Amino acid sequence: MSARDSEVTWLIVGGGIHGTYIARELKESDITPDDLMVVDSKGELLASFRRKARACGMETLRSNYVQHIGPSPFGLERFAEAKVRDDELISTQNSQPRPTLDLFVEYAEQVIERFDLQELVREATVTGISGDGPLIVETTTGSIRAANVVLAVGPNERFNRPAWAGDMDRVSHVWDEPTAPPERIEDGERVWVIGGGTTAAQFATSVADQAASVVLCSRSPLEIALREADPRWLNWQYITKQLHSLPPGSQARYDRLRKARKKGTIPPYLQRELDKTDNLEHHHEELTMVLETRDGLRLTGEQGAVHQADRVVLATGFESVYDQPLVERIASKLELERGHRGMPVLEDSTLAWRTRDGECSRIFVTGRLAEGSLGAFAGNIPGARRAAERILNPQPQRNPHQAASPSP
Ligand SMILES: Cc1cc2nc3c(=O)[nH]c(=O)nc-3n(C[C@H](O)[C@H](O)[C@H](O)COP(=O)(O)OP(=O)(O)OC[C@H]3O[C@@H](n4cnc5c(N)ncnc54)[C@H](O)[C@@H]3O)c2cc1C
């Protein structure tokens, strides 16, 4: 291990949208590159987001063009104009335009290059954190001492697989390798896509050209919503009123978040895509069994109805973000406080994870894991900006049970 690697002021675990955003913000502050490190399992910034987006055949983002990893809200728009790619900002009813995936990713790559962010990355998996003074971050390539750690580990990499799905070659999860939809199916197959959210709908439309038929099968009727939550959740004043007025880590916070997040919804533009795809139908039923037969797969629904398919692709999401093994290990080793269902108990004004004796640790949290303080868009792109505001420019301490004034 080099001297440089042995001790840093800030260590970010995860080089996804959130880790990259915070790394850029730190790089822009007075932190020298030697004081900052990003440890990521893939070793490449944004690799995980890119892989998942391509795996479900995503062509445009759901969020709008001011939400990205750059420093200025209009940076992506200016990038599009300069490259004469304004047509990749797709106009959207009742919203600002949304960028295509290619435009979003290419702009992100330009930001990474401009701020030399990739040079901060060490390819390794963090396996644990310990230490009373400086934190000792254990990784698969050795340990690193860090004064502060930002956990930006993203959603749980363990995917939800319904019990009936078993273990068959022809039944896979949308995030399993290989990544691109055309490689997932063979021409002329009858494909069933299981799930009722954006990923399922996106995948279903993207393989329709290649498949003989596609059935999008969800437990309940499809729900349509432009965004994952009410846009007021982007506003600190609203977040403070809705969440910070409730005890940190409480079931009341958890329930409010669940109610606020329009989980398993699809945006109207995707619904139109589903409607106009001739060989695609929506079916709403809870499946209970799948069997491999000589003719392919035999699917059984809860009312006993039987269906035939050649391939099943699960778009059934991730396991709970709070149940990640690393999160469990860190909380237990450093005696960090956890609330309802394992939600990390954070200091709302700084996103520092509190210890069981009520002190603030030097572990800061962003992404979905910080939703108890950041609100319904915590795991989304705008959540990264919100997190950086708190971690890097902590707000004055407030009475935790009183609604406070908005941050600038
Ligand atoms: C297909 C798709 C489309 C989306 N579209 C939008 C959208 O349009 N708008 C929007 O706002 N949000 C969108 N989201 C939601 C959200 O913005 C993304 O999931 C985003 O990638 C979350 O960023 P993150 O940094 O929290 O997680 P990730 O991007 O998943 O990054 C986490 C990183 O941490 C690394 N990591 C994890 N554990 C360790 C460890 N122990 N050691 C080292 N490294 C580790 C992983 O390798 C990964 O690189 C989308 C999500 C998906 C999956």
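How many nonpolar, polar and charged residues does the shell around the ligand have? The shell has 17 nonpolar, eleven polar and four charged residues. In this classification Ala, Val, Leu, Ile, Met, Phe, Trp, Tyr, Cys and Pro are nonpolar, Asp, Glu, Lys and Arg are charged, and the others, Gly among them, are polar.

The model is predicted; local features need pLDDT of at least 70, side-chain atom pairs count only at pLDDT 80 or more, and totals for chains, interfaces and linings use all residues. Residues are numbered from 1 along each chain as its sequence is written, and side-chain values use heavy atoms, with hydrogens and water left out.

The ligand is surrounded by 32 residues, each with a heavy atom within 4 Å of the ligand. D40, R62, S63, V126 and I381 are the closest. Helix α3 (47–55) gives the most to the shell, with four residues. At least two residues each come from α2 (17–28), β2 (36–40), α3 and α13 (381–392). Helices (H or I, at least four residues) and strands (E, at least two) are DSSP runs, numbered from the N terminus.

A ligand oxygen lies 3.1 Å from a polar backbone atom of I17. For H18, the distance from a ligand oxygen to a polar backbone atom is 2.9 Å. A ligand nitrogen is 3.1 Å from a polar backbone atom of S41. The protein covers 90% of the 980 Å² of accessible area that the ligand has on its own (Shrake-Rupley method, 1.4 Å probe).

T198, A201, Q202 and T205 of α7 meet L270, E273 and L274 of α10, with contact meaning heavy atoms within 4.5 Å. Three of these contact residues are nonpolar, three polar and one charged.

Technical notes
A polar contact is a pair of N or O atoms within 3.5 Å; within protein, one must be able to donate a hydrogen and the other to accept it, and residues adjacent in sequence count only if both atoms are side-chain atoms.
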